[in-house]
Amino acid sequence: VEDKIDRLVPIADVVQILGSVGFRNIHIESIGKNVWSQFDRWIAQTEHKDTWDRNWYKAYKLNLIDYYVITAEK
């Protein structure tokens with residue numbers, strides 16, 4: 001069952017969707033530099049250190065993903 005949790009969506013699509021449902025003054029701020037390396041350090045200290053989860057940081061370093069704070073007005 002697809003629950004859409006952890007679904008990667010291009011940021012341009014997110015902005016378009018927000019605009020199409022009436023949001024304005026949309027502001028996107030990348031915070032990946034403050035998230036992914038710390039997430040990887042945490043994973044490295046857990047029982048998941050040898051799992052797929054270590055690939056999130058690798059993907060960020062390859063500019064395949066990022067993490068954002070999005071603000072907008074409705």
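Helices (H or I, at least four residues) and strands (E, at least two) are DSSP runs, numbered from the N terminus. The views below show a predicted model, in which local features need pLDDT of at least 70 and side-chain atom pairs count only at pLDDT 80 or more, while totals for chains, interfaces and linings use all residues. Residues are numbered from 1 along each chain as its sequence is written, and side-chain values use heavy atoms, with hydrogens and water left out.

**View A. Alanine 59 in helix α3.** Alanine 59 is found in helix α3, and at 15% relative accessibility it counts as buried, where buried means under 20% relative accessible area, exposed over 50%, and partly exposed in between (1.4 Å probe, protein chains only). Once residues up to four places away in sequence are set aside, alanine 59 touches Leu64 and Ile65, a contact being defined by heavy atoms within 4.5 Å. Alanine 59 and tryptophan 36 are 23 residues apart in sequence, and their C-alpha atoms are 9.4 Å apart in space.

**View B. The largest nonpolar core.** Five residues, Trp36, Trp56, Ala59, Tyr60 and Ile65, make up the largest nonpolar core, a term for a set of buried Ala, Val, Leu, Ile, Met, Phe, Trp, Tyr and Cys residues joined through side-chain atoms within 4.5 Å. Helix α3 (residues 55-61) gives the most to this core, with three residues. In soluble globular proteins, nonpolar side chains tend to be buried together.

**View C. Aromatic pairs around tryptophan 36.** Rings of Phe, Tyr and Trp (its six-membered ring) pair if their centres lie within 6.5 Å, with planes under 30 degrees apart counted as stacked, over 60 as edge-to-face and the rest as tilted. By this rule the count comes to five aromatic pairs. The rings of tryptophan 36 and phenylalanine 39 have centres 6.1 Å apart and planes at 90°, so this pair is edge-to-face. Both residues lie in helix α2, three residues apart, which is about one turn of the helix; tryptophan 36 counts as buried at 7% relative accessibility, whereas phenylalanine 39, at 27%, counts as partly exposed. A further pair joins tryptophan 36 to tyrosine 67, with ring centres 5.6 Å apart and planes at 75°, so it is edge-to-face. Because tryptophan 36 lies in helix α2 and tyrosine 67 in the loop between α3 and β2, the pair ties together parts that are 31 residues apart in sequence. Tyrosine 67 is partly exposed, with a relative accessible area of 41%. Ring pairs link Trp36, Phe39, Trp42, Trp52, Trp56 and Tyr67 into a cluster.

**View D. Aspartate 40 in helix α2.** Aspartate 40 lies in helix α2 (residues 32-44) and is buried, with a relative accessible area of 11%. Leaving aside neighbours within four places in sequence, aspartate 40 is in contact with Arg54 and Tyr57.

View E. The largest pocket has a volume of about 580 Å³. On a 1 Å grid over the protein atoms alone, a pocket is an open set of points where a 1.4 Å probe fits, with protein on both sides within 12 Å along at least five of seven lines, and lining residues have an atom within 4 Å of a point; grid points are joined across faces, edges and corners, and the volume is the space filled by probe spheres set on the points. Of the 19 residues that line the largest pocket, Arg7, Leu8, Val9, Asp66 and Tyr67 are the closest to its centre. At least two residues of the lining come from each of α1 (11-20), α2 and β2 (68-73), and α2 gives the most, with three residues. The lining divides into 14 nonpolar residues, one polar and four charged, where Ala, Val, Leu, Ile, Met, Phe, Trp, Tyr, Cys and Pro count as nonpolar, Asp, Glu, Lys and Arg as charged, and the others, Gly among them, as polar.

**View F. Two asparagines with positive phi.** Asparagine 25, found in strand β1 (residues 24-30), has phi near 50°, a positive value in a residue other than glycine, and at 53% relative accessibility asparagine 25 counts as exposed. Residues up to four places away in sequence not being counted, asparagine 25 touches Thr71, Ala72 and Glu73. The C-alpha atoms of asparagine 25 and lysine 74 are separated by 8.7 Å, although the two residues are 49 residues apart along the chain. Asparagine 63, placed in the loop between α3 and β2, likewise has a positive phi, near 60°, and counts as exposed at 69% relative accessibility.
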